[in-house]
Structures are given as C-alpha cells and as structure tokens.
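Look over the structure first, then read the points by topic.

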Amino acid sequence: MKTGFLFFVSLRYFKNKKKNRHFASSILSILGVTAGVMTLIVVLAVMNGFQSGFISSILNISSYHIRISGENSGYKDRDIISKIERLKSVSAVVPFNENQAIVKGVFTEPEGCIVRGVPADIMDRDESFKKSLKIESGVFSVRIPGTAVIGAELARRLGVSVGDKIEVLSISENAAAGLKPIKRYFIVSGLFKSGYYEFDLSWIFVSLSTAGNFFREGKDYPVTYGIKLVNRFRDEQSIDRIKKLIKGSGLSVVSWREYNRSFFDALLMEKIMMMLLLGLIFVVVGFNIYHSLRRMVYEKIEDIAIIKALGASPSALRYIFIVEGFLIGLFGAAAGTFIGLLVSININEIFSMAEAFINGVFGIIQAVSLPFVKGSKYSDFTVFSPMYFYLTKVPVTVRLPGVIVTVFSAVFASSAAAYFASRKISTIKPVEVLRYQ
C-alpha cells in the first residue's frame, strides 16, 4: 500500500480528533512535550551561562590555556618564550608566580590569600585578562613597589579601600637562613571584581619582581608562563608545537583541560545529571502518548480491520500511529523551542517584571495597612539580591547543539511511544472483527 495514502490517513486521524474525546489527550501530550522542551532549553541556557562565566574567569585570570613551568624556570628562558610568542596560535604569554600568605587590614581578623606576581604591563599584554577583571575602585597599577590590587570581597572583609595599608605575612625561603617568617606592608592601589567569588575573596596582585623578592629573598625565583591561545579548543596542536621548542630545557607543559580536570568534570557531571532528571518529563509524556494511542487503536479497530482487509500490512498500519506520535512530538518540540528561546533571551526582563509586580502588590498592601501598623517599612523585593547571591543578573548562553539534542529527544520519545502503542495492530484479525459488522 502506498505511503502517501497512509500518511493521508494519519493526518485525517490527527485532524479529526477535534470531534472526539481524544482531542484533549493529544493536546495534553503536546503541552507536555512543550513544557519539557521549554524547561530543558531554559535550564541548559542558564546553566551554560553560569558555567561559561566560571570557566572564562578561571582561564582568563588564573590558569590560562597552557602553562609552562619548571623547577628553575625564570627569565633565563626568554629565548624560548620569544619563539612561543611568535606562534600564530598564541595571543599572549604572561609570566607570573604565586604564593600563599595571610593578610591583615583594619579589622583584627586575618584572612588567607594568594599573592600573585604579574608584569606591570599585564593589562596591555593580555586583553582577555583586562576584560575579565573589572576595576571597582582605583586603578590596576603595580608599577610602584609596595602597591597591590586586591579583590573587592577581600577588601570588604579586611575593612580597607583604595589608599589604605594592608599587612601581608608569609614564609620566605632565604639562601642563608632557610625558612623564616616575613612581613611586608602594601598600599592598596585598586579593587577588582572578577565575578568569581573565590578570586574576589582571596587574591592579591603585586608586581612580579615584588612577589619574587618577597617570598624568595636573596634567591632566584621561579616563573610560570601562562599562555593564551587564539582558540583554546586547539590546545593539543599548540602543545605539540611548544614541546618541540622547549625540548631539552627542563620545562613542562600542561593544558587547561588537565590543570582544571576535577572542576570541569564536576561541571560536566552536573549538566548530565540535570539533563537526565529533566528528561524524565519526556518519559511521563511518552507514557501519556502511549496510553492515548493505545486506546485509539482499540476504538478504531473496525477501521483498522477494513484497511487491513484491503491489503495493508501490520507494519504499514503501524506507520499511521507512528506518524501521529511524530506529529505530537514535532508540534510540541517546535512550540517548546520557541517559548524556551524566548524565555532564555529575556529571562532577566521577566525577573524584572516579576519583581515590579511583587513590589507593586506589597506596596499596595503597605499603603492599606499603614494606618493600622506603625513603624513598618517594606523593603524592595529582588529575585537575586546581592545580599544573598553573588550576581546582579542571570547569565544566559544558548548553544545550538543542546537545543538540537533536546528537540530530537522529544520527537524520538513521542515516536517511540507511538510505535509501542501500535504493536497491538499485528494481533488484529479482520475476519473476527468484521464478522458481525
């Protein structure tokens, strides 16, 4: 039997549901698919936004795309580094060193911190570093010895601001005396905010020479070279070229994938588990479609028997119901994708509207109750208050592969449910059904 005829019958059944009780179940099935697709797209967009922000902060500020280091690495490796800088895949090479310390400010309670020494011209060397580090107060300047740039959250904990003095305590490795406690005062020249709480709470930037002489007094200090790539996903090709340049120098190379493996693996597992949990929506919708089409097979058994008597094979008849399940999944996925993308792109505006509505309702309640309740004052409601959340707006990143996988999963679940529901057709015998018709 021709496929065109079977597709025509499928469409007729789908359209004619408006005249019977199956219309409501089909609408509910479509709405279920729509809700599942919309939820998955919105959740993945927000999750991608948060993860992209974290990854960007880590790679642009802390770990870089590739690290080159060695036990005695320092400025003696300038010739090698100059060759690396000339590679087309490299956008910046930044020498740095870092050590742990304790810092005290106006408040008596000390805080643990990481003191990172960077070149004085790092803002000119590394454009991505400059974009990722927002200066809230003062300037990013470590050219003058004894100046430091600290995180805004750390400054709040210490009770200091631009121009104030902080005391840094650590352990120095002296060539003659060995390990000894050291202390030095720095003047805060600027406060930065990266959007990553850990950096803003515990990082201090000073000049590279200051950090080296402070922690390794009287001894050559090691330097790690952070390399930024034009395309961080082509790190393996760049590492192969760099290994050829540093061969025999005693330096080692590590990629951002290896250096941050535990953190990135945790983010990947979080995304997979979230997709699996939200994917259960499709399982529920699939059962709904299965039972709906199963009932339809029983109620249309006479029609099925007639078509089967005319020569249609069981597989051809199953095609009718599979097409219907496919259409349910397709319409639901299309509507869910449209609504999901609309919500994702405008999610911050939606939250603003919700805040305005809630504040308006509470404002009316306060105005009505003011004569009866004295001294009460309503504070504005915010979904993401800076008092509780370390953000002012929800980051959103919509990725096409994730949208495609979501749509495909919805259509596949609907089609699979229709297939299993239509398997009953193979047991229908036209002679027995039409005997008394």
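**Asp235 and its surroundings**

Leaving aside neighbours within four places in sequence, Asp235 is in contact with Ile66, Leu229, Ser255, Trp256 and Arg257. This is a predicted model. The points below cover Asp235, helix H8 and the second largest pocket.

**Asp235**

- Asp235 is found in helix H9, which spans residues 235-245.
- Is Asp235 buried or exposed? Asp235 counts as buried because its relative accessibility is 1%, and the cut-off for buried is under 20%.
- The side chain of Asp235 makes a polar contact with the side chain of Arg257, at 3.1 Å.
- Arg257 is also listed among the contacts of Asp235, along with Ser255 and Trp256.

**Second largest pocket**

- The volume of the second largest pocket is about 400 Å³.
- The pocket is lined by 15 residues. Closest to its centre are Gln51, Ile55, Arg232, Trp256 and Phe264.
- Which helices each supply at least two residues of the lining? They are helix H2 (22-63), helix H10 (256-259) and helix H11 (261-299).
- By residue class, the lining divides into 6 nonpolar, 4 polar and 5 charged.

**Helix H8**

- Helix H8 covers residues 208-215 and is mostly covered.
- Of its 8 residues, 6 are buried.
- The buried residues in H8 are Leu208, Thr210, Ala211, Gly212, Phe214 and Phe215.

How values were computed: Residues numbered from 1 in each chain as written. Predicted model: local features only at pLDDT ≥ 70, side-chain atom pairs only at ≥ 80, totals over all residues. Heavy atoms only, no water. Helix = DSSP H or I, 4+ residues; strand = E, 2+ residues; numbered from the N terminus. Buried < 20%, exposed > 50% of the residue type's maximum accessible area, 1.4 Å probe, protein only. Polar contact = N/O pair within 3.5 Å; in protein donor to acceptor, adjacent residues only side chain to side chain. Contact = heavy atoms within 4.5 Å. 1 Å grid on protein atoms, 1.4 Å probe; cavity = no way out; pocket = protein on both sides within 12 Å on 5 of 7 lines; lining within 4 Å. Points joined across faces, edges and corners; volume = space filled by probe spheres on them. Nonpolar A, V, L, I, M, F, W, Y, C, P; charged D, E, K, R; others polar.
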